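Please look over the sequence and the structure shown here.

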Amino acid sequence: MADPVLLTPGPLTTSMTVKQAMLKDWGSRDKAFIAMNARVREGLVELAGGQGTHVCVPLQGSGTFVVEAMLGTFVPKTGKLLIIINGAYGKRMARMCDVMGRRYVVSETAEDTPPNPQAIAALLAGDKEITHVAVVHCETTSGILNPVAEIAAVVAKSGRKLLIDAMSAFGAIELDARQVTFDAVAASSNKCIEGAPGLGFCIARQSALEACAGNAHALSLDLYDQWVNMEKTKQWRFTPPTHVLAAFDQALTEHKAEGGVAGRGGRYRRNCRVLVDGMRALGFETLLPDSLQAPIIITFRMPADPNFHFETFYDKLSAAGYVIYPGKLTVADSFRVGCIGRLDESHMKGALAAIRKALDEMKVNALKPAA
Ligand SMILES: *Cc1c(COP(=O)(O)O)cnc(C)c1O
C-alpha cells in the first residue's frame with residue numbers, strides 16, 4: 001500500500017529521494033560524513049541570512065530538545081525570560097523553565113490572537129530584570145503567524161535578547177538575520193525543510209553563543225559545548241543521527257532547487273489556498289481570518305451537526321489515505337489540516353474529495369460550528 005498523505009505538522013510526507021538518502025550506513029568519523037555535516041550547517045546559516053555573523057549548531061532529538069537546549073544555553077542562571085504565549089508551544093517553553101529552573105514571566109494572549117508588540121515594549125520597560133524574550137514564529141497550535149519582525153524590533157530597542165522557536169516556519173516563511181535581530185532560532189529537520197525526524201538545529205549569533213559557556217543545565221543539551229566540540233573536532237559529541245542527517249542534506253538540496261524560502265513558501269501558500277477555499281465551499285469555518293493565517297496548518301471549527309463525529313471522520317479519511325490532526329485549542333472545538341510536506345495542489349484536492357465523501361457517508365449536512 002502507498003504511504004499515507006500526512007496532512008499534519010510533522011513528521012511530514014517526504015520525497016522518494018529523501019527517503020532513499022537513508023539507505024546508506026555512514027561512519028561518523030568518515031571524511032564524507034564530516035563534509036556532509038559541514039555542508040548542512042553552512043546551508044542552514046545561509047538560509048537564515050546569517051553568513052559571517054551566525055553559526056549553526058545541530059542537536060540530536062526532536063524539535064522540543066533543541067528549544068529546551070536553546071533556552072538553557074542562552075538564558076543564564078541569573079537571567080530572566082519573558083515568554084510570549086498564544087498556544088501550546090509557548091506554554092511548553094514555560095514548563096521547560098520550570099524544570100530547568102530559570103526565572104520567567106509570561107505575556108499571554110488567546111490562541112487566535114497575535115501578541116501586541118506595544119504591550120511587549122511596555123512589559124520590557126516595566127521589568128528591568130528581563131534579559132531575554134522568547135517567541136514562537138508560527139504557533140502550530142492554531143496555525144497563527146506571530147509578528148516576529150515587529151517583536152524583534154521592540155526587543156532590540158530595549159536592549160534585550162530574542163530567542164525564536166521557528167520550528168514550523170523555518171524554510172517556508174522568511175526569517176533573515178540581516179533584517180530581524182535575534183540571538184538564536186530553533187528549528188528541526190522534519191518540518192518545512194521536509195527531512196526525516198530526528199535532529200534539531202539552532203542558528204545562533206556567534207558573539208552571543210561565545211558568551212554562553214557554563215550556562216546550560218544539562219550536558220547533552222548544552223549548545224555551547226556542542227558547538228565548541230564540533231568546531232574543534234568537526235564531529236558531533238555523542239552518536240549523530242547519521243541517516244537522518246543524510247536525508248536532511250538531500251532535503252536541503254531539494255529546498256534550494258525549489259527556489260529556497262520563496263519557492264517552498266509559494267507551494268505551501270497555494271496548498272493553503274486550495275484547502276481553505278475548498279473547505280469554506282463545503283461550509284467549514286476556519287478559526288483564523290486569512291490575515292493571521294500562516295500557510296502551514298489550518299484550524300477548522302468542529303461542526304455542530306450531531307452526525308459529525310470526529311473519530312469517524314478521522315478514520316474515514318485515514319482509510320482513504322489522508323491523515324489529519326486533532327485540535328489542541330482551548331478557545332474552540334476544532335481539528336487541523338496541514339499543508340506542508342512533499343504535497344501539492346493535487347493532494348489538497350484529493351483530500352477535499354475524501355472529506356466530501358466522508359461527510360456524505362456520515363450524513364452531515366450543516367457544517368456551522370456551535371455558537
Ligand atoms: C513541532 C514544533 C515543535 C517541536 O515539536 P517536536 O514534536 O518536539 O518535534 C516546537 N515548536 C513548534 C512551534 C512546533 O511546531
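## Two backbone features

Lys234 is in the loop between α8 (223-233) and α9 (242-257). Helices here are DSSP runs of H or I with at least four residues, strands are runs of E with at least two, and both are numbered from the N terminus. The phi angle of Lys234 is near 70°, a positive value in a residue other than glycine.

This is a predicted model, in which local features need pLDDT of at least 70 and side-chain atom pairs count only at pLDDT 80 or more, while totals for chains, interfaces and linings use all residues. Residues are numbered from 1 along each chain as its sequence is written, and side-chain values use heavy atoms, with hydrogens and water left out.

Pro11 is placed in the loop between β1 (5-6) and α1 (16-20). The peptide bond that runs from Gly10 to Pro11 is cis, with omega near 0°.

## Ligand site

Which residues are around the ligand? They are Ser62, Gly63, Thr64, Tyr89, Arg92, Val136, Cys138, Thr140, Asp165, Met167, Ser168 and Lys191, where a residue is near a molecule if one of its heavy atoms lies within 4 Å of it.

An N or O atom in the side chain of Thr64 is 2.5 Å from an oxygen atom of the ligand. Gly63 has a backbone N or O atom that lies 3.0 Å from an oxygen atom of the ligand. In the side chain of Asp165, an N or O atom is 2.6 Å from a nitrogen atom of the ligand.

Two packed helices are described by the angle between their axes and the distance between the axes. Axes are lines fitted to C-alpha atoms, for helices over the stretch in contact, and angles run from 0 to 180 degrees between N-to-C directions.

Helix α3 (residues 63-74) and helix α4 (residues 88-100) have axes that come within 10 Å and cross at roughly 55°. α3 and α4 are therefore oblique to each other (angles under 35 degrees count as roughly parallel, over 145 as roughly antiparallel, 65 to 115 as roughly perpendicular and the rest as oblique). On the α3 side, Thr64, Val67, Glu68, Leu71 and Gly72 meet Arg92, Met93, Met96, Cys97 and Met100 in α4, contact meaning heavy atoms within 4.5 Å. The residues of this contact of α3 with α4 divide into six nonpolar, two polar and two charged.

## Helices α10 and α12

The axes of helix α10 (residues 260-282) and helix α12 (residues 345-362) cross at roughly 20° and come within 9 Å. α10 and α12 are therefore roughly parallel to each other. From α10, the contact takes in Arg270, Asn271, Val274, Leu275, Gly278, Met279 and Leu282, and from α12 Glu345, Met348, Lys349, Leu352, Ile355, Arg356 and Leu359. Eight nonpolar, two polar and four charged residues make up the contact of α10 with α12. Here Ala, Val, Leu, Ile, Met, Phe, Trp, Tyr, Cys and Pro count as nonpolar, Asp, Glu, Lys and Arg as charged, and the others, Gly among them, as polar.

## Helices α2 and α9

Helix α2 (residues 31-47) packs with α9 at an angle of about 45°, and their axes are 10 Å apart. α2 and α9 are therefore oblique to each other.

Technical notes. Polar contact = N/O pair within 3.5 Å; in protein donor to acceptor, adjacent residues only side chain to side chain.
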